Amino acid sequence: MSEFIPGQRWISDGEADLGLGTILNVDARSVTVLFAASQETRTYSVRQAPLTRVMFGSGDRIESADGSQLSVDDSKERDGLVVYIGQDAAGEWHELSETELSDRMPFNQARDRLLTGQVDRNDWFDLRFRTLHHHHRISQNPALGLAGPKIDLIPHQLYIADEVSRRHAPRVLLADEVGLGKTIEAGLILHRLLLNGRAERALILVPDSLTHQWLVELLRRFALDVTLLDEQQSQAHGEANPFDAGQLILASQQWLFANPHRQRQAEACAWDLLIVDEAHHLDWSPAASGPGYDCVERLARAVPGLLLLTATPEQMGMHSHFARLRLLDPDRYHDLARFRAEEAGYVQVAEAIDALERLPGDAAAQSSAAAVIDDADSQALLATLADPQSDAAQQRSARAQLREQLLDRHGTGRVMFRNSRRHVGGFPPRHLHVARLEAPSAYRRVLRKLERDEDHLDELLIETGLDHPDLMLYLDTTYRALSDVSPGDDPFNAEPWWQIDPRVTWLLEHLTGVGRDKTLVIAHDRATAVELAEALRVLGGIHAPVFHEGLTLVERDRAAASFADEEDGSQVMVCSEIGSEGRNFQFCRHLVMFDLPQLPDQLEQRIGRLDRIGQRHAIEIHVPVFAGSPGERLLRWYREGMDAFDAPHGVGSELYAAFGDALAEALLDDDALEAVIDETRALFETRLAERDAGRNRLLELNACRGERAATVAASIRELDADRALPRYLDQALDIFGVDSQELGSQLVHLRAGPHMLDGLPGLAKGEEGFTATRSRERALARDDVQHLSWEHPLIRELMGRILTGTLGNTALALLDHPSIPAGRLMAELVFVTDCPAPKRLHVDRFLPPTAVRVLLDESGANLSAKVSFSGLAKNLQKVKKAVARDLIKSRHAQLRELLEKGELEAERELPTIVEAAQQRMRGVLDDELSRLQALARHNPAVRQDELDALRNERQALDAAIEGARLRLDGVRVIVTVDRETRR
Ligand SMILES: Nc1ncnc2c1ncn2[C@@H]1O[C@H](COP(=O)(O)OP(=O)(O)OP(=O)(O)O)[C@@H](O)[C@H]1O
């Protein structure tokens, strides 16, 4: 029969910070507990519930839900529930059922353990106190959640991660140019939200080809254990919802978007965050929307946090870009026409920001700024800045604040973040090499016919089933299609295309020419990629892995791994257009575009495979084209119309929308092409100038605010260099039974020792363990080395276990001190603030468990200020457990008194701690609230629910902090001895 009865009060052994729980339901298998103070409900298996019953004994003080206090004298049982009998402050007798106890009441395991003679090792007590100290310190570090991941500290990423993860339920578009680290930014945001409890469950949807890359990045860089879900795995869950298989689920977009049943299952889960990579594929137009868009739209309605990632937000046109912004904030983005019109005002805002640099002393600059600024606080700042009497420091501060206000209140940036190479800087140059080849006669014949006979195009379209202008641009595809429809009819089409196509021989020569350097080849069509690899094998004896959307995940990853391998890897890999998107190939510097894509954004995506963070060489882009062919004309359009190979310009999709049709018509006609190029160039320059003056400028200014980024980086470096970490770690690993071996070069190998406490992450008895380092640089240099920081899962687990468990909460030690006679008793009591609150409030950032140490001598005098923890600890000696137990038994009454006295002493410090925490909280939240309120007046991108949430959060935090209590967390009894006695 179950020992649980509804109404009884229990605490969670592993999560004591949830507060006092109440049994809600019990059946044969499970027990459900409500932790009302933290608004959490947990269900456990009855047989293994990690719960401890809370019962109070004579002398304990208890508190009812309505706040009245009682000193317990006795208790009785009624229907399985305890009823306490005791006196209130006025001496009146009351009964209080355990169901009526306050949910926030601290409970006192340390006291009970001590008085029943359960004494832990002295060094455990030390470790417990140090854990509290470090946890308190680290919880308040502004870089918390960003310091653990194994990444280089790149300012624009840190800024975005910090800014976004501070927001309530962040909903943003991460739109940095290709290869600048959107995955890393999303990982950082997720990591921080998980660490501070603002998110627990996330669904990550990525293109099929990127699932493994994400899985590996999240594990290696962020130490996040993600469950990769596919159809096979889902079926293994039978009737159960497979999306419940883990807290962090990674799934392929192609799989989910094609599967309505699985979509419904995904929608049935309560996610905190949805991440969608390569979001430009979510297409939408006023007439119709794609299945991906519909699926994400339904999820986005229910999930509070949403991160959309794309380097080419306008690839599918302005409509789709607008529609994705609407997914992020439907209230703000409801009118496409208005959205377009808003852009016009950006130039003026950007000019106003630039004008600030010319103040004071420039009247034109002042009116330019004043024309945009209309808030009283901004106007006052402008007056300070423009006043020649202000000193340099005042002007600097006014300029910086104004810049922030203009960006925040009038700019683009709250929803969309876009960093560009130009702005970030430090990227290697790109070199274009064009190989002009003679087209084979079979291709020429097709082109000649098309040039001569207008009707031939239609015939060919019908005959081959290909699209226009694909059949002119991808002549190998046309050749193949013609061979398929009339096999054997035509002697020219008897051979495979690669036997006659000079690009293949050219490629073989290129590969010989570059020696051991790796080359990535991208072809538009999947069949071209597959057959080209075959050609390289047959004609050149070269093994080239192929990478395309038709491969299974395993095949694709095998191909990528074989290409990436520095020693034995392949020299060349052939990819299809879609198959390669988002992949990391920056270890390679030669890119061969076997043909050209039609969308400028796709061209940029191709170059972005190599031109990414981590690329150390100039990028050599090779394009073989047939002389006088449509392919060559397309190349001219890219080069002369928009400098497409030099750098991403972000206007390609607009140019394609304006001239794509005209270009398709001009692919056979040089004169027509000249005209299209001229018009494209004109629009390119106009748009670029407009964007650079307006939207791009604002996006750039907003995408990384240098000072904030520098502050975050400095805080991370401070944590990286924290000398307390190795000392703490040595002590903790020793106590938990983890063997550590120094390997030199700042590396340490950790392995489970024979007596290790079970369940530590990455360590299991009999297994290898792992190698780690505190040095960020060392960790980055090697994939197999983990970054050991305060945020590493092992250290978090160690600290968590100590803080929520009982390990080391009692101890007894001997003190040999010349000025204190032997046989005296002292008590070192460590109280900790207890502040149960819902996790999402992240109350720890303002009031992390805070220790109050009270050292009492036998007479009850408080010596804490005179004798420090470490000063005392140094002089203490351990004692055998049995002796300790006896000593405690013999001093029971005295100890009780000291415990009570200590509580009173500690209580005196609580109001100061609470007040300081409230002030910290108000300082941060009031600032944020007024910033958001001011912002909301100008920038409709501030959502009302964000404002409401912040107000509610402030209120809830205030109440939670106000309700903080002190709980005895640990107690060490100290008995003085003289040398004689010890011997
Ligand atoms: N801070 C960093 N430290 C170390 N490596 C990084 C960092 N930022 C990015 N990288 C590496 O640079 C490459 C590009 O980063 P990432 O994949 O996040 O870019 P992206 O913007 O998502 O690219 P795409 O536009 O192609 O999707 C990856 O190999 C990533 O691991």
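The following legends describe close-up views of a predicted model.

Residues are numbered from 1 along each chain as its sequence is written. Because the model is predicted, local features need pLDDT of at least 70 and side-chain atom pairs count only at pLDDT 80 or more, while totals for chains, interfaces and linings use all residues.

Figure 1. The C-alpha atoms fill a box of roughly 110 × 70 × 55 Å along the principal axes. The secondary structure comprises 38 helices and 31 strands; helices (H or I, at least four residues) and strands (E, at least two) are DSSP runs, numbered from the N terminus. Of the 983 residues, 45% count as buried. A residue is buried if 20 or more other C-beta atoms lie within 10 Å of its own, exposed if 12 or fewer, and partly exposed in between, with C-beta atoms placed from the backbone. The division is into domain 1 (9-106), domain 2 (127-134 + 806-982), domain 3 (155-332), domain 4 (344-411), domain 5 (430-703) and domain 6 (714-804); these bounds come from an automatic or database domain assignment.

**Figure 2. Contacts between domain 1 and domain 2.** The C-alpha centres of domain 1 and domain 2 lie 22 Å apart. Contacts link 9 residues of domain 1 with 10 residues of domain 2. By class, the side of domain 1 that touches domain 2 has 3 nonpolar, 4 polar and 2 charged residues. Two residues are in contact if their C-beta atoms, placed from the backbone, lie within 7 Å. Ala, Val, Leu, Ile, Met, Phe, Trp, Tyr, Cys and Pro count as nonpolar, Asp, Glu, Lys and Arg as charged, and the others, Gly among them, as polar.

**Figure 3. The shell around the ligand.** The ligand is surrounded by 19 residues, of which the closest are Asp152, Gly181, Lys182, Thr183 and Ile613. A residue belongs here if its C-beta atom, placed from the backbone, lies within 6 Å of the molecule. Helix α4 (residues 182-195) gives the most to this shell, with 3 residues. Domain 3 (155-332) and domain 5 (430-703) each supply at least three residues. The shell divides into 7 nonpolar, 8 polar and 4 charged residues.

**Figure 4. Strand β14 and its neighbours.** Strand β14 (residues 273-276) pairs with strand β11 (residues 202-206) in the parallel sense over 4 bridges, and Ile204 has Ile275 as its bridge partner in β14. Two strands pair if DSSP finds at least two bridges between them. Strand β15 (residues 305-309) also runs parallel to β14 and is joined to it by 4 bridges; here Leu273 has Gly305 as its bridge partner. Leu273 and Ile275 point one way from β14, Leu274 and Val276 point the other way, and all are buried. Together with helix α9 (residues 291-302), β14 and β15 make a right-handed β-α-β unit. A crossover is right-handed if, with the strands pointing away from the viewer, the path from the first strand over the helix to the second runs clockwise.

**Figure 5. Strands β1, β2 and β3.** Strands β1 (residues 9-12) and β2 (residues 21-26) run antiparallel and are joined by 2 bridges, with Gly21 in β2 as the bridge partner of Trp10. Strand β2 also pairs with strand β3 (residues 30-35) in the antiparallel sense, over 4 bridges. Thr22 stands opposite Leu34 in β3. These two strands, β2 and β3, form a hairpin with 3 residues between them.

**Figure 6. Helix α28.** Helix α28 (residues 695-703) is largely enclosed by the rest of the structure, because 8 of its 9 residues are buried. Among the buried residues are Arg695, Arg697, Leu698 and Leu701.

Figure 7. Most residues other than glycine have a negative phi, and most peptide bonds are trans. Leu359 and Pro360 are joined by a cis peptide bond with omega of about 0°; Pro360 is found in the loop between α11 (336-356) and α12 (363-372). A cis peptide bond also joins His468 and Pro469, with omega of about 5°, and Pro469 lies in the loop between α17 (454-464) and α18 (470-473). In the loop between β23 (738-744) and β24 (747-752), Ser745 has a positive phi of about 50° although it is not a glycine. Ser745 is exposed, with 10 other C-beta atoms within 10 Å. Gln746, found in the loop between β23 and β24, has a positive phi near 65° and is partly exposed, with 15 other C-beta atoms within 10 Å.
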